[in-house]
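Hello,

Here is the structure I promised to pass on.

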Amino acid sequence: QLQLVESGGGLVQPGGSLRLSCAASGFTLDYLNIGWFRQAPGKDREGVSCISSRSSGATNYEDSVKGRFAISRDIAKNTVYLQINSLKPEDTAIYYCAAARHVSYNRCTLDARDYGFWGPGTQVTVSS
């Protein structure tokens, strides 16, 4: 059964860092693209980063997190990570990982419509 479980969220001060994990089961990371999304109170769900199952693991980042966030994967552990650094209060959100609806040979996207399997989310709160 396809399943995604996030972990690693928490309360951090501005400028701090966290490492979020997305443990996948029921499929392998060379089969479906994985995306990280976030949703803050009162705002739409926003694509943050993604990593491609094909395309040599090509990645993509939303402009506001470029240079601060880094996505990676451990094929052996079937886990995707999102290192989030230099955190700002506006990064506060529930962070979700998601698997694409179908196999793609193209670079992953940050469009939530391309993803059909979602984890329950992990809360990241950035506050002093």
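The notes below cover the disulfides and then one threonine.

A word on the ground rules: this is a predicted model, in which local features need pLDDT of at least 70 and side-chain atom pairs count only at pLDDT 80 or more, while totals for chains, interfaces and linings use all residues. Residues are numbered from 1 along each chain as its sequence is written, and side-chain values use heavy atoms, with hydrogens and water left out.

Taking a disulfide as a pair of cysteine sulfur atoms within 2.5 Å, the count is two. One joins Cys-22 to Cys-97, with an S to S distance of 2.1 Å. This pair links distant parts of the chain, 75 residues apart: Cys-22 sits in strand β3 (residues 18–25) and Cys-97 in strand β9 (residues 93–100). Strands here are DSSP runs of E, at least two residues long, numbered from the N terminus.

The other disulfide is between Cys-50 and Cys-108, whose sulfur atoms are 2.0 Å apart. Cys-50 belongs to strand β5 (residues 46–51), and Cys-108 to the loop between β9 and β10 (115–118), 58 residues away. The link of Cys-22 and Cys-97 is right-handed, with 70° about the S-S bond; that of Cys-50 and Cys-108 is right-handed, with 85°. In sequence order of the bonded cysteines, the pairing is 1-3, 2-4.

Now to Thr-122, in strand β11 (residues 122–126). Thr-122 is buried, at 10% relative accessible area, where buried means under 20% (1.4 Å probe, protein chains only).

Best wishes

Terms used:
Helix = DSSP H or I, 4+ residues; strand = E, 2+ residues; numbered from the N terminus. Buried < 20%, exposed > 50% of the residue type's maximum accessible area, 1.4 Å probe, protein only.
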